[in-house]
Amino acid sequence: MENQTNKKGTLVAIITMMFLFAMIAFVTNMAAPFGTIWKQHYEWAGMMGNMMNFLAYLFMGIPAGLMISKYGYKKTALVALALGLVGIGIQFCSSAMDGNAIITYIVYLLGAFVCGFCVCILNTVVNPMLNLLGGGGNRGNQLIQTGGSLNSLAATLTPMFAGSLIGEITKDTSLNAVRPLLLIALIIFAVSFVIVWFTQLTEPETEKTDVVGGIKEALRYRQLKLGIIAIFFYVGIEVGIPGQLLFYLSEPVANGGVLGSAATAGLIAGVYWMLMLVGRFVSAFISGKVSSRMQLTVTSAVALLLLLVAIFMPETCKMSLSIPNLAESTFDHVEVPTKVLFIILCGICTSVMWGVIFNLATEGLGKYTATASGLFMTMVVGGGVMPFIQNLMATKVGDIQSYWIIVGMLAYMLFYALIGSHPSKKA
């Protein structure tokens, strides 16, 4: 009877973590479509919301890991959801303010920053808990990839929904257009808080260590140190590929852009996240048999090849697409450069990288897993820093040429897969 109760508690914990995994993507993926609005008013502002979202990881990564060690996974998750409710509330208030005034933008950025604390803590909770509930190794990675599938589903739908609300971008477009999405987000966070509050979770044991000692011991593992760099680059890759594609496609035609429609651009870029869903779904089935190292090696190499083809393919090579018009329930026929297809296909490759890097970086850390997760999450700030740098680079050399920075980061991922991820601890 006790064994059945433990199994039921473990199942409830896994399902709860899967749901929270989806919440992470829902919050994070609002930033890029919102950025298409602000980019029309302040050229540098496109990725600033995303930057603020991820900047929070730099400050909250380690404290989040320590919160788990002291208070457990459930209480830490509740703190995260409360912060998410506050952050979305601030952004909702900004959508009701004075159009596109700079003070409105500052309030919006504050909300994005608070939301960043939320998703940082949720990430710190979800990943190690799924890995530990699965017993680590391939099974642990399998659970992370399953949760990642729900994460990708939310990531696919969010830019599509946001884009349909924004529609054609003009100088008069403001955050008021996306108020319905922000209202939905407020309701979801409130309901999530109540659900987690009343859910009985079976939590893995955590080691209560001192801050300096725990960090020092965790960093003695080489695979973690190099994995921290890998995750910094990975999140920059995952966010930068579709984020810059969204700007590339939504730039007004009058300014030399491709489509000039955030709705259409959001649907096309959303396919990237849909392919991440497919990739994670497949990985959830094969991860019990195919090692994390092999998955990272293959996906890094293939992504490198796809981006190199996209960069060198001429703009004149185009393809026709039929895009659903959600507002009018019809299909719009558009022409886009064929290189867009190769950029989108990278979603299949990036889909598995988060789970396998986390799995490889924390393998064998045992009681230092929670502390390592905090260090790991600190470097997720790369999802704000690298896309911001890429976006600035794009203003100088063009959207497509800015993908060279992604190529460089993928080269490091391949190095980590082949050499850097092998477990090693200094004496």
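1. Ground rules. The model is predicted, so local features need pLDDT of at least 70 and side-chain atom pairs count only at pLDDT 80 or more, while totals for chains, interfaces and linings use all residues. Residues are numbered from 1 along each chain as its sequence is written, and side-chain values use heavy atoms, with hydrogens and water left out. Helices are DSSP runs (H or I, at least four residues), numbered from the N terminus.

2. Helices α9 and α13. Two packed helices are described by the angle between their axes and the distance between the axes. Helix α9 spans residues 222-250 and helix α13 spans residues 353-362; their axes come within 9 Å and cross at roughly 165 degrees. Axes here are lines fitted to C-alpha atoms over the stretch in contact, and angles run from 0 to 180 degrees between N-to-C directions. That crossing makes α9 roughly antiparallel to α13 (an angle over 145 degrees). The crossing is left-handed: the near helix is turned anticlockwise from the far one by less than a right angle.

3. Who touches whom there. Contact means heavy atoms within 4.5 Å. From α9 come Gln223, Leu224, Gly227, Ala230, Ile231, Tyr234 and Val235; from α13 come Met353, Trp354, Ile357, Leu360 and Ala361. By class, ten are nonpolar, two are polar and none is charged. Gly counts as polar here, and Tyr as nonpolar.

4. Helices α11 and α16. Helix α11 (residues 292-312) packs on α16 at about 160 degrees, with the axes 9 Å apart. The two are therefore roughly antiparallel. Their crossing is left-handed. Among the residues in contact are Arg293 and Leu296 of α11, and Trp404 and Ile406 of α16. The classes are 18 nonpolar, two polar and one charged.

5. Helix α15. This helix has 16 residues, 382-397, and reaches 21 Å from its first C-alpha to its last. The expected value is 22 Å at 1.5 Å a residue, taken as 1.5 Å times one less than the number of residues. Its buried residues (under 20% relative accessible area, 1.4 Å probe, protein chains only) include Gly382, Met386, Phe388 and Ala394. Their cover includes α3, α9 and α16. Just after α15, Gly398 takes a positive phi of about 105 degrees.

6. Tyr57. This residue lies in helix α3. Is Tyr57 buried or exposed? At 1% relative accessibility, Tyr57 counts as buried. Tyr57 touches, among others, Gly116, Val119, Met377 and Val381. Tyr57 and Gly384 are 327 residues apart in sequence, yet 9.4 Å apart in space, C-alpha to C-alpha.

Conventions:
Angles under 35 degrees count as roughly parallel, over 145 as roughly antiparallel, 65 to 115 as roughly perpendicular and the rest as oblique. Buried means under 20% relative accessible area, exposed over 50%, partly exposed in between (1.4 Å probe, protein chains only). Lists of a residue's contacts leave out its neighbours within four places in sequence.
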